[in-house]
Structures are given as structure tokens and as C-alpha cells.
Amino acid sequence: MATPSRSSVIIVGAGISGIAAAKILVENGVEDIVILEATDRIGGRMRKEAFGGVTVELGANWIMGVGGKVPNPVWELAAKSSLRTCLSDYSNVRYNIYGRSGKMFPSELAADSYTKAVDSALEKLRNQQGTDGGRRDFSRATEPPSSPKTPLEQAIDFVLHDIEMREVLPIPTFLDYGEQEYLVADERGYEELVHKLARDFLSIASEGEILDSRLQLNKVVRKIQHSRSGVTITTEDGSVYDANYAILSVSIGVLQSDLISFQPSMPRWKMEAIGKVGVTVYTKIYLKFPYKFWPCGPEKEFFIYAHERRGYYAFWQHMENAHPGSNILVVTLTNEESNRVENQPDEETLKEAMEILRDMFGPNIPNATDILVSRWWNDRFQRCSYSNYPITSNHQVVQSIKAPVGHIFFTGEHTSEKFSGYVHGGYLAGIDTSKALLEEMWKEKEGKAVRLTQVIRRLS
Ligand SMILES: Cc1cc2nc3c(=O)[nH]c(=O)nc-3n(C[C@H](O)[C@H](O)[C@H](O)COP(=O)(O)OP(=O)(O)OC[C@H]3O[C@@H](n4cnc5c(N)ncnc54)[C@H](O)[C@@H]3O)c2cc1C
């Protein structure tokens, strides 16, 4: 196979960070780039899917952090694309808790359990900091002394710890950008933001489709050879690409897997840092019904189910605010439960979910007519939903994760010190990494010019 000509920079991965990084390079005159993306699409973890007559999101769904003094850059991108969004109504979520009897828990009881769960969540975070450096290990359950025991306490603890408080307080996203969260409910999907960024610098055909040889889809990077003079990248189909530099935007889950090999190997400090980062798996299960049987209206968008098994079909949302008349519910699972459900047939999952719904809403509710289950853990191009640096957010670990190794630069949500795990984290990381690379390229150019002047002086 013919080797393509050498480019200045190869960007591995076409999620929001890779595309943002590529855009900055092109806008700064580095036009001979190549983007290698393993799948047949751009957007990465921003991924829409048609389901039950509407467009739903398998990955990122919310623009988190809106309404503060500083505008969230992703909110600004959404405004430019006139993305349809819907303010999420979390009010009362902590009290919309159903037990196995189908009855809601009295709000005073929920309030007590909530206080207890906050203490426990904080204690758990502190424990993690002290023991395992925050790395999420599915096989080892750490149980603080005052860990929640009753189904109600477990459910609140799950929502707090696995859904809401996955960062140290105060959460930089909400502190900087505001506390509102907007659900993207646009038929073009959240990924439209990535497409728009890409269309800004890549050639497009008349129907708006990207047709630019610099974007190469279905190219799974398997090997990166690097030296002082540049990088040589080999993909699964045997194609070989040479460049002066590479920007690697694959997820932390991929970096922790053996999908990509490096020659020479990554230095020890880099591997150790990569190994220290925890990952969260976040699974969405969409269920379509012939009609609604759940309460709607203000303060009813989210509800919780309290099962004795922590996180078992605990966190529910109806889609009536985002997609009125769609008759869709979504339930979120995380980590161990995600893993379990990813590895079983969807019919089994549907059966489990229906049992829970019948516990909550009675035996006469209709069966779901369709189900959609996301599988981020089993996706070899992801191996996680997002990085998880609980309080250990030890400055040094993130710095080591994002530090370049020779001519390889690193980006992606997991390289963002303040906003890891978020779309805006990925977007800002892409911009930052490219700026750092441009600086390096300019320095190298300056160095070459100085060396050339010295040679000319010596010769004259
Ligand atoms: C279920 C879920 C829910 C989420 N919810 C939210 C939310 O509501 N709000 C929010 O702000 N954030 C949310 N996030 C996080 C957000 O989606 C990510 O932080 C962000 O999209 C990451 O962008 P990225 O560019 O860093 O990585 P990615 O989007 O993962 O891009 C990396 C790209 O690299 C490609 N790739 C991987 N391996 C290779 C290889 N070997 N060769 C070539 N290409 C490769 C991948 O296919 C992918 O396209 C959620 C994520 C998930 C999964």
C-alpha cells in the first residue's frame, strides 16, 4: 500500500477534542493535517440514535453549567447552531422516591436519608483519596463505616455519589458557568456541535456532508512509532501515516487498554499516571411505551427507585419535557450494574426494568414496545463513559496525563484539569493542546532559523 505523504500533524480521534484541536491548527496555518478516526462517524461520545420516533442521546446529553456569569463555551456553540435544548427540572428529585411497595417515601424520611447520604458520600470520597488514589475498581467495594443500609439510603447515596457528586465540592463547572443543566433535544443530536466545528475548516459537499481527504474514517490506529524526527502511525488495515507530530485524543479507557502500542513504549511516569485515573461507565436504557403511565408536570421529570441492591434501576427520567408525546422513559445505571447489563441480552434487561416499573406503578402498566441500551464499556474505542478523578485531583496526575511525550501530544476530556468528564472539558482541552503544539512548532522553527543563521555565518 502506498504511504501517504508526510503531514505536519496527525490527530487520532474525531470527538469534540480532536476536532477542536484540528480546527485550531488549521486556523493557525497548519493545514496539512490528517484526522484518523476508528469509527465511521465523527462525534465520539456525543452520539445520537433514532429511537421511538425521536432522536435520543447514547452519550453526552446535557450542557452542564449554564446561567452563571461566565458563558459555558459549549452553550455558546449550541446557540450558534440553534440547538434545541430543554432545562432539566431537578427540583424535588431527591424526594420523588418510590419504594418496592409502589408508594412514595414521605419527604421527611427522604430528607433525613439525604443528609445521611451526603455525609456518607463525602466520607467515601475521603476514603478513596486516602486509599486507592481514586481509581475505580469494579471488583472491590469500599464500604465506609456509616455506609447506607436501607433501600432508601442506598438509592439516595447512589444518586448523590454516582450521578451528582462525582467531583469535589465546589464543582468547577457549576462555579464557573452556573448551575443549570440543559438537555439537548435536537433531532440533529448533540453531535451537531462537532459537525459544525468540522464544517468550519474541512471541505463539504453541497448537501453539507464532509468530503475532505484530511478526515479519514474507519482508520483504527494500532501502532505509534515516535522519535525526535516525528511519528509513524499504522492503522488496523495496514495503512501507514507519517507526520511531524501526533495529537492523541482517544479516551482514558482506550489509553488503559492495549488497543494502541507505542514504540518506544511510553515512559513510566506516563503509564503510571494513566493507570491512576478512574473511569465511570454510565449506561442509559431507553424504553418506549404505547402510552404514559407515570406522573408528569412540574417537579416530576426525575424519580428514584429504592431497591435493596444499590444502583439497581435507581435513577429514572421521563422524556415528556424534552419530547412531548414520545412516551419514553430512560433509566441510568453505572459501573457494576452497567457492566452486568452490557453483557446480557436486551430482552433480559427489558424484563428487569419492567419488574421495577410494575413495583412502582402497579401490575397493569403496558409492556415497553422497544428498548435501547448504550454499551460504552464493551466499545473497544471507548472502554468507559468518562474519566473519574475524585478528589485526588492531584494536580500532578492530570499534568502527567496531558504532558507530551516527544512528538506525541495528548488531549481529550481526561486531560482537562478543571472540567474532566464533560463536553466542555473535551472542547477546551482540544484547544489548549493545539495551542501548546503550535508553540512547540514555532519554537522548533525559530530554533531551526537560528541554527541556519549560525551555519551561514560560519560559512561566510
Ligand atoms: C453515557 C455518557 C453520558 C455523558 N453525559 C455527559 C453530559 O450529559 N454532559 C457532558 O458535558 N458530558 C457528558 N459525557 C462526557 C462527554 O461525552 C465527553 O467528555 C466528551 O464527549 C469527550 O470528548 P473527547 O473528544 O475527549 O473523546 P471522544 O468523544 O471519545 O473522542 C475520541 C475519539 O477517538 C476515537 N478513537 C478511539 N480509539 C481510536 C483509535 N485507536 N484510532 C482512531 N480513533 C480512535 C473514538 O472513536 C472517538 O471518536 C457523557 C459521556 C457518556 C459516554
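**View A. Tyr-286 and its partner in strand β19.** In this predicted model, Tyr-286 has Leu-372 of β19 as its bridge partner, and β15 and β19 pair in the antiparallel sense over four bridges; strands are DSSP runs (E, at least two residues), helices are DSSP runs (H or I, at least four residues), both numbered from the N terminus, and two strands pair if DSSP finds at least two bridges between them. Residues are numbered from 1 along each chain as its sequence is written. Local features need pLDDT of at least 70 and side-chain atom pairs count only at pLDDT 80 or more, whereas totals for chains, interfaces and linings use all residues.

**View B. Strand β18 and its two partners.** Strand β18 (residues 328-334) has six of its seven residues buried, that is, with 20 or more other C-beta atoms, placed from the backbone, within 10 Å of their own. Seven bridges join β18 in the antiparallel sense to β15 (residues 282-288), where Thr-283 stands opposite Leu-333. Strand β17 (residues 315-318) also runs antiparallel to β18, through four bridges, and Trp-316 is there the partner of Val-331.

**View C. The residues around the ligand.** Among the 42 residues around the ligand, those that come nearest are Gly-13, Gly-15, Gly-44, Ala-60 and Gly-426; a residue counts as near if its C-beta atom, placed from the backbone, lies within 6 Å. Two or more residues of this shell come from each of α1 (16-27), β5 (62-66), β15 and α12 (423-459).

Terms used. Buried ≥ 20, exposed ≤ 12 C-beta atoms within 10 Å, placed from the backbone.
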